[in-house]
Amino acid sequence: MSAVMIVYHQLFPTSYLLALAPTAATTLAEAELEAYLALACRSGKPAVWVDCRLLDTLSATAAWLLWACQQRLHRRHARLVLCRVPDAIERILRRTLAGAGPDLLIVPTLDDAAALA
C-alpha cells in the first residue's frame, strides 16, 4: 500500500498549500503528512489547500489525517480544501470516511479554492 508524502508546501497570504505525491515508505510518510498538516493548521491561515493531482492511491490513515485536519480547522473557522483530486482518490476518501461527518471539501482547481476565500 502506498502512502503520501509532501512534495511541496508554501505559505500564501490567505492560505497554506500542500502538494502530495505517492511514496512506498508508509509509516514515515504518514508521520510526515501528519506533521505538515499540523503545521498548516497552526499557520493561522483561513484555508489549507491540498493539491492531490499526483496521487494514484491513498491509505486509510492518510484519509483520516486529512479528515482530522478538517475538523481542527473547522473549530477555528478555517477550512481544508482538496484540489485536483483524481476520481479514484475521491472514491477512496468517500468510502473510507463514510459516516464520519461532513465530507471533505473538494474543488477542481487551485483557482476554485482561491475563489472560496
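This is a predicted model: local features need pLDDT of at least 70, side-chain atom pairs count only at pLDDT 80 or more; totals for chains, interfaces and linings use all residues.
## Aromatic pairs, a helix and a salt-bridge network

The count of aromatic pairs here comes to 2. Rings of Phe, Tyr and Trp (its six-membered ring) pair if their centres lie within 6.5 Å; planes under 30 degrees apart are stacked, over 60 edge-to-face, the rest tilted. Residues are numbered from 1 along each chain as its sequence is written, and side-chain values use heavy atoms, leaving out hydrogens and water.

Both tryptophans sit in helix α2, 3 residues apart, about one turn of the helix. Helices (H or I, at least four residues) and strands (E, at least two) are DSSP runs, numbered from the N terminus. An α-helix has 3.6 residues a turn, so residues three or four places apart point the same way. Is W67 buried or exposed? W67 counts as buried because its relative accessibility is 18%. W64, at 38%, is partly exposed. Buried means under 20% relative accessible area, exposed over 50%, and partly exposed in between (1.4 Å probe, protein chains only).

Now take α2 as a whole. The helix has 16 residues and reaches 23 Å from its first C-alpha to its last, close to the 22 Å expected at 1.5 Å a residue. That expected span is 1.5 Å times one less than the number of residues. Its buried residues include A62, L65, L66 and L73. S59 is buried, at 4% relative accessibility. A polar atom of the S59 side chain lies 3.0 Å from the backbone nitrogen of A62. After α2 comes H77, whose phi is positive, near 65 degrees.

Next, the charges. The structure holds 4 salt bridges. Each is a side-chain nitrogen of Lys or Arg within 4 Å of a carboxyl oxygen of Asp or Glu. Which residues are linked in a network of salt bridges? They are D51, R53 and R84. R53 meets D51 at 2.6 Å, N to O. D51 also bridges to R84, with the closest N and O atoms 3.2 Å apart. This pair links distant parts of the chain: D51 is in strand β3, and R84 is in the loop between β4 (79–83) and α3 (87–96), 33 residues away. D51 is buried, at 5% relative accessibility. R84 is partly exposed, at 30%.

How values were computed:
A polar contact is a pair of N or O atoms within 3.5 Å; within protein, one must be able to donate a hydrogen and the other to accept it, and residues adjacent in sequence count only if both atoms are side-chain atoms.
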